Amino acid sequence: MKNLCSRARFTGYTLDGGYADYTVANASFCFPLPDAFNDTSAAPLLCAGLIGYRSLRKTGDAQRLGLYGFGAAAHIIAQVARFQGREVFAFTRPGDVAAQEFARRLGAVWAGGSEESPPEKLDAAIIFAPAGPLVPYALRAVEKGGTVVCGGIHMTDIPSFPYRELWEERTLCSVANLTRLDAEEFFAIAPRVPVRTEIELFRLDQANAALKRLRSGRLTGAAVLVPRSAENT
């Protein structure tokens, strides 16, 4: 599969040019953006939304879905999951009342701390927070035969946990990049939901400040970097 290429390269990470005014791309991997979104509202769809959607597909037809880490990806995928008729259970940093209320506004039937047990067993869970210790919590939260998807590129080490938490045919898997089909499906469904992205704008020279806000959990939704004022874009 193309998304599992052993020689994958990423602009802005392994290749220079992430801040270029213009770029050249293979047309086979370019997608038209829905007209319903302007530049800034569409920005989170291109990474958080796409990876989130691939993570969602990995959960199959799970009805009760847990989302660990309610940030850029989760706030988009929660809306898609609700549109599909699923029940969303949101897990945030312990004590983050604002994030829990945000999740409820987007249709979560329950919201609590990441170390809490949901009121009922889940069919699947997606971990968006890059925190390995959440894996055992998510495995304990899912029903027999349930799935836990690790949706991040990076995650801290997963601690040792008893085999019984994986037993009973629970599945633990990761997501690497995405396929063309993921993008085609996601950009078709996003305007139908319709997805509403919660964004906070930062100038390019404020990138480190945006990352600091993100790491500290003081960012609601997604951060978007803009080269100039984007009030009218």
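**Exercise 1. Across which strands does helix α5 lie, and at about what angle to β5 does it run?**

Solution. Start with the ground rules: this is a predicted model, where local features need pLDDT of at least 70, side-chain atom pairs count only at pLDDT 80 or more, and totals for chains, interfaces and linings use all residues. Residues are numbered from 1 along each chain as its sequence is written, and side-chain values use heavy atoms, with hydrogens and water left out.

Step 1: find helix α5 at residues 134-141. Helices (H or I, at least four residues) and strands (E, at least two) are DSSP runs, numbered from the N terminus.

Step 2: Helix α5 lies across β1, β4 (122-127), β5 and β6.

Step 3: read the angle. Helix α5 runs at about 150 degrees to β5; angles run from 0 to 180 degrees between N-to-C directions, with axes fitted to C-alpha atoms, for helices over the stretch in contact.

**Exercise 2. Work out the strand order of the open sheet and name its edge strands**.

Solution. Step 1: trace the 6 strands, which come in the order β3-β2-β1-β4-β5-β6 with parallel pairing. Two strands pair if DSSP finds at least two bridges between them.

Step 1: pick out the edges, β3 (110-113) and β6 (171-174), each of which pairs on one side only.

Step 2: zoom in on one pair. Strand β5 (residues 142-150) and β6 are joined in the parallel sense over 4 bridges, and C150 has S174 in β6 as its bridge partner.

**Exercise 3. Describe how α2 packs against α3**.

Solution. Step 1: two packed helices are described by the angle between their axes and the distance between the axes.

Step 1: for α2 (residues 48-58) and α3 (residues 72-83), the angle is about 55 degrees and the axes are 8 Å apart. That makes α2 oblique to α3 (under 35 degrees is roughly parallel, over 145 roughly antiparallel, 65 to 115 roughly perpendicular, and the rest oblique).

Step 2: list the residues that meet. A48, G49, G52, Y53 and L56 in α2 touch A72, A73, I76, I77 and V80 in α3, where contact means heavy atoms within 4.5 Å.

**Exercise 4. Is T147 buried or exposed?**

Solution. Step 1: locate T147 in strand β5.

Step 1: check its relative accessible area, 16%, so T147 is buried (buried is under 20%, exposed over 50%, partly exposed in between, with a 1.4 Å probe and protein chains only).

Step 2: beyond neighbours within four places in sequence, T147 is in contact with residues including K58, D123 and T171.
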